[in-house]
Amino acid sequence: MYYAYKYRLTPSDAHREELDRHRDICRQLYNHALYRFDQIPEDAGTLNQRVRSIRDEIPSLKEWWDGLSDVYSTVLQTAVMRIEQNVKGLSALKENGYGVGQLTWKPPREFRSFTYSQSGFELDKKGGQTVLSLSKLADIPIRLHRAIPDDATLKQVTVKKDPTGEWFATFGIEMDREPPEPPANPERCVGIDVGILKYAHDTDGTAVGSLDLSDERERLEREQRKLSRKQHGSNNYEKQRRQVAECHADLRRKRRDFLHKLSNYYAREYDLVAVEDLNVEGMMESPSNSRNTASAAWRTFISLLEYKCEREGTHFVAVNPRGTTKECASCGVSTEKPLWVREHSCPACGFEADRDANAAWNILSRGLEDVGVGYSESTPVETALPVDTPVSAKRVVEAGSPTLKERTASAVSE
């Protein structure tokens, strides 16, 4: 399997200047390659052939382009091959019905990274500290907050500058071992309903509270108001822009840390995990509550959960979310419920449950049906509970609380 491990770099001022110089050379080469790509007719070959023909011009460019020889060869090649990736990205958007334009030249602020592929980089120890040795650049100190597995093969490293001015290195590693196969008859199964008031409510009766980022949002709003009062392009504007970028980075780090720990818990503790295949992009177009929907980052949670389940050998099932809240988990009768009604009470069979708990049981039922594992035709809630048993959250875990930290002690934030 292929994974990405991200680490923080701690370059000196001289290192930062050299990193920026290499990044800008790659940016200029990309813009030149894009200019050449636009001159090649589409019938001259496939997309890959046209981009490779431009990549093969790099040796001749070094004869008159001062500074191009200062950058490692594979870094220059990957900068040119970005055009192929970007064109494929635009084509995918166009196939999905989006109106797309064409690729444009990159200004300095939009070209933030360059990549060493296969060779030209090495992790080493010098002067009692771990450094990332980059060919034709420098030995840059790196914070290895977690070890890279011994059986992993380093395939590439991408060096990127964040809007805050910090530098990071992301290693693409390939594992020699294959992930374990999911069990044929999973015993520990869970359905998860995600929401705003409670981030996750599962069929084991655990409700995880949403992450409280109100203080971070208030700080971001204050810093943005300060930025609006600065003269664009001035030194004070640049300093304040970094403050705003740091606020965004703080929000992003806390949210992803929470999502990594929560998804890692479910992937490791269960044999089968069922979630809703939400159309978050469509929900974002709604005029109401779009800010909370964006902050919840449900699509990120589902993506993290999917790859962690694959890594741990856990069944991952994304089910159709339509009707999971309205249907009764016991008898299947659909009942209309406005958003403010937080309890499910079935008029047909009398089954009562928390609204989110009922949805979680429906999600698990659909997940078991999609996987086709060895279960009876009765719904999981019928098997687990009598009809007249009220179902609600047995445990309400607040995000960031000691209880959540204990339950995710084995989680590894990635």
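Trainee: What separates K226 and E223 in helix α5?

Mentor: About one helical turn, because K226 and E223 sit 3 residues apart in helix α5, residues 214-228. A helix here is a DSSP run of H or I with at least four residues, a strand is a run of E with at least two, and both are numbered from the N terminus.

Trainee: What should I know about the model and its numbering?

Mentor: The model is predicted: local features need pLDDT of at least 70, side-chain atom pairs count only at pLDDT 80 or more, and totals for chains, interfaces and linings use all residues. Residues are numbered from 1 along each chain as its sequence is written, and side-chain values use heavy atoms, with hydrogens and water left out.

Trainee: What makes K226 and E223 a salt bridge?

Mentor: The test is a side-chain nitrogen of Lys or Arg within 4 Å of a carboxyl oxygen of Asp or Glu. The closest N and O atoms of K226 and E223 are 3.8 Å apart. That is within 4 Å, so the pair passes. In general, side chains of opposite charge can pair when their charged atoms come close.

Trainee: Why is E223 called buried?

Mentor: Buried means under 20% relative accessible area, exposed means over 50%, and partly exposed lies in between, with a 1.4 Å probe and protein chains only. E223 has 10%, so it is buried. K226 has 36%, so it is partly exposed.

Trainee: How do you know that E84 and K88 meet in a salt bridge?

Mentor: Their N to O distance is 3.2 Å. The pair sits in helix α4, residues 73-95, 4 residues apart, which means about one helical turn. E84 is buried at 11% relative accessibility, while K88 is partly exposed at 49%.

Trainee: What makes R241 and E238 a salt bridge?

Mentor: The distance from N to O is 2.7 Å. The two residues are 3 apart in helix α6, residues 235-269, so about one helical turn separates them. R241 is buried, with 12%. E238 is partly exposed, with 32%.

Trainee: How many salt bridges does the structure hold?

Mentor: It holds 24. E18, R21 and D70 are linked in a network of salt bridges.

Trainee: How do you know that R50 has no salt bridge?

Mentor: Check the nearest side chain of opposite charge. Lys and Arg count as positive, Asp and Glu as negative, and His and the chain ends are not counted. For R50, that side chain is E42, 5.2 Å away.

Trainee: Which residues does R50 touch?

Mentor: Contact means heavy atoms within 4.5 Å. R50 touches F37, I40, P41, E42 and G45, leaving out residues up to four places away in sequence.

Trainee: What makes K6, K160, R253 and R256 a patch?

Mentor: They gather on the surface as a patch of positive charge. A patch takes residues with over 30% relative accessible area and no salt bridge, joining like charges within 9 Å, or nonpolar side chains (Val, Leu, Ile, Met, Phe, Trp, Tyr) within 5 Å. K160 has 39%, so it clears the area cut-off. It lies in strand β6, residues 152-161.

Trainee: Why is phi of Q118 worth noting?

Mentor: Phi of Q118 is near 70 degrees, a positive value in a residue other than glycine. Most residues other than glycine have a negative phi. Q118 is in the loop between β2 (113-117) and β3 (121-126). At 54% relative accessible area, Q118 is exposed.

Trainee: What is phi of K136?

Mentor: It is near 65 degrees, again positive. K136 lies in the loop between β4 (129-134) and β5 (138-143). Its relative accessibility is 48%, so K136 counts as partly exposed.

Trainee: Why is D193 called buried?

Mentor: Its relative accessible area is 6%, so it falls under 20%. D193 lies in strand β8, residues 189-194. Beyond its neighbours within four places, its contacts include Y199, H201, E276, D356 and I363. D193 and W361 are 168 residues apart in sequence, yet 8.7 Å apart from C-alpha to C-alpha.

Trainee: How much of the chain is buried?

Mentor: Buried residues make up 44% of its 414 residues. The chain has 12 helices and 15 strands. Among contacts between residues at least 6 apart in sequence, 69% join residues at least 24 apart.

Technical notes
Areas by Shrake-Rupley, 256 points an atom, 1.4 Å probe, with all protein chains shown as cover. Charge placed at Lys NZ, Arg CZ, Asp CG, Glu CD.
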